[in-house]
Amino acid sequence: VLVPAHNEERVIGDICRDLIAQDYPADLFRTIVIADNCSDGTEDIVKRHECTSLKCIARHSDIRGKGAALDYTLENLQVFLDGFEPDYVVVFDADNLVPADFLKALSTVCINNYPAIQCNVKTKNPSSSLLARSSYYEALTLQRLWQEGKDRLGLCNALSGTGEAIRYDLIRDLKFGNSLTDDLDLTIRLALKGLKVKYTAYPATFDEKPNRARVEVKRRIRWAAGHFQTFFKYGSDLLRRPSRLSLDALFYLTNITSPFVTIFSGIVSLLYMLEIVSYVPVPLFYSALLSSIFLILFFATSWIEGDRGFIKGMIPFYLLMSLWLIVAPVGLVKAIRGSAIWERTPHGEGM
């Protein structure tokens, strides 16, 4: 289990305690918490939790980023683990809460020897703010509607950067890579090799959603820039190696263009209403019908999860989704200019 942590003193103790308390034989797993270029008390807190199954390593490098920290650990894994060779490498973010049965439940999925597994990622602070609540609904939809649905169809699931497990023999050679969105980059590289990411709704880990709009916008710009960079990097390769998996991966990469389609559609519809143009490529009722279908699906997904408050949170949720109309164009510009940089998302109080 690898937990990269950059200045995470507010939350790192919780995940250390969770991983030490796993209901799984201590001789069958090891946890390495990477105190990556930390200038706070992260390293000291982790060292207070060190035991047979949990170890802290400190990394100091001019090369920043989550992927760089993970790859550094992989390259020195046998030194850090004293000969312990894992079957899978599991990654958590430092802000996560991990249920005690996580590794035990995951091991029952791993016996099928899947190349990579993405576990359900839930929200640990859905009630801390309207923004966090909206992000909770977004994550819920992403996991239970999109990921689970695609898994049942045998399509290309996506790694989420946390709650993910990759076979050690694969990740040892592939590495995580130090891109803005290392999880997406690895997902596409697996697809190019014909290797599918398996999604499982159980077990689940719990991550923290930002409460401040400024933090949310910054991280979504990073996601958008990383998404475009990955598209530019691998789009042609996916086309040159057509398969059910690679074409679906390409479709996933093109999803980042949907805000541009939305803006164009809105402009055309407005011009049509003003009788400036007399033709629209898609009937006007189509958008209303599609939105209604998605609304029903969103509501059904939250209901299945035992949440009855989606209708009350619908407006903030759609406002959050509309952020993509802003962050996607900004991300595209940053991707083209190469000006996007990795920035840590703050966790804990004061977000």
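Q: Which way does H6 pass H9, left-handed or right-handed?
A: H6 passes H9 in a left-handed crossing. Keep in mind that this is a predicted model.

Q: What about the geometry of H6 and H9?
A: Their axes come within 10 Å and cross at roughly 35°. H6 covers residues 130–152, and H9 covers residues 213–240.

Q: Which residues in H6 and H9 meet?
A: On the H6 side, Leu131, Ser135 and Glu138. On the H9 side, Ala213, Glu216, Arg219 and Arg220.

Q: And how does the contact of H6 with H9 split by class?
A: Two nonpolar, one polar and four charged residues.

Q: Let's stay with Glu138. Is Glu138 buried or exposed?
A: Glu138, in helix H6, is buried, because its relative accessible area is 18% and the cut-off for buried is under 20%.

Q: What is Glu138 in contact with?
A: Leaving aside neighbours within four places in sequence, Glu138 is in contact with Arg220, Phe317, Leu320, Met321 and Trp324. Arg220 belongs to H9 and is part of the contact with H6.

Q: New topic. Where does Asn157 lie?
A: In the loop between H6 and strand E6, which spans 164–167.

Q: Buried or exposed, that Asn157?
A: Buried. Asn157 has 1% relative accessibility, so it counts as buried.

Q: What does the side chain of Asn157 reach?
A: The backbone oxygen of Gln147, at 2.7 Å. The Asn157 side chain also makes a polar contact with the side chain of Lys196, at 3.3 Å.

Q: Which residues does Asn157 touch, not counting those up to four places away in sequence?
A: Gln147, Lys150, Asp151, Thr187, Lys196, Val197 and Tyr199.

Q: How are Asn157 and Asp248 separated?
A: They are 91 residues apart along the chain. Their C-alpha atoms are separated by 9.2 Å.

Q: Switching to H8 and H10. At what angle do their axes cross?
A: Roughly 155°, and the axes come within 9 Å. H8 is residues 182–192, H10 is residues 244–254.

Q: Why call H8 and H10 roughly antiparallel to each other?
A: Because angles over 145 degrees count as roughly antiparallel, and H8 and H10 cross at roughly 155°. H8 and H10 are therefore roughly antiparallel.

Q: Is the H8 and H10 crossing left-handed or right-handed?
A: Left-handed. Leu184, Ile188 and Ala191 of H8 make the contact with Leu245, Ala249, Tyr252 and Leu253 of H10.

Q: What classes are in the contact of H8 with H10?
A: Seven nonpolar, no polar and no charged residues.

Key. Residues are numbered from 1 along each chain as its sequence is written. This is a predicted model: local features need pLDDT of at least 70, side-chain atom pairs count only at pLDDT 80 or more; totals for chains, interfaces and linings use all residues. Side-chain values use heavy atoms; hydrogens and water are left out. Axes are lines fitted to C-alpha atoms, for helices over the stretch in contact, and angles run from 0 to 180 degrees between N-to-C directions. Helices (H or I, at least four residues) and strands (E, at least two) are DSSP runs, numbered from the N terminus. A crossing is left-handed if the near helix is turned anticlockwise from the far one by less than a right angle, and right-handed if clockwise. Contact means heavy atoms within 4.5 Å. Ala, Val, Leu, Ile, Met, Phe, Trp, Tyr, Cys and Pro count as nonpolar, Asp, Glu, Lys and Arg as charged, and the others, Gly among them, as polar. Buried means under 20% relative accessible area, exposed over 50%, partly exposed in between (1.4 Å probe, protein chains only). A polar contact is a pair of N or O atoms within 3.5 Å; within protein, one must be able to donate a hydrogen and the other to accept it, and residues adjacent in sequence count only if both atoms are side-chain atoms. Angles under 35 degrees count as roughly parallel, over 145 as roughly antiparallel, 65 to 115 as roughly perpendicular and the rest as oblique.
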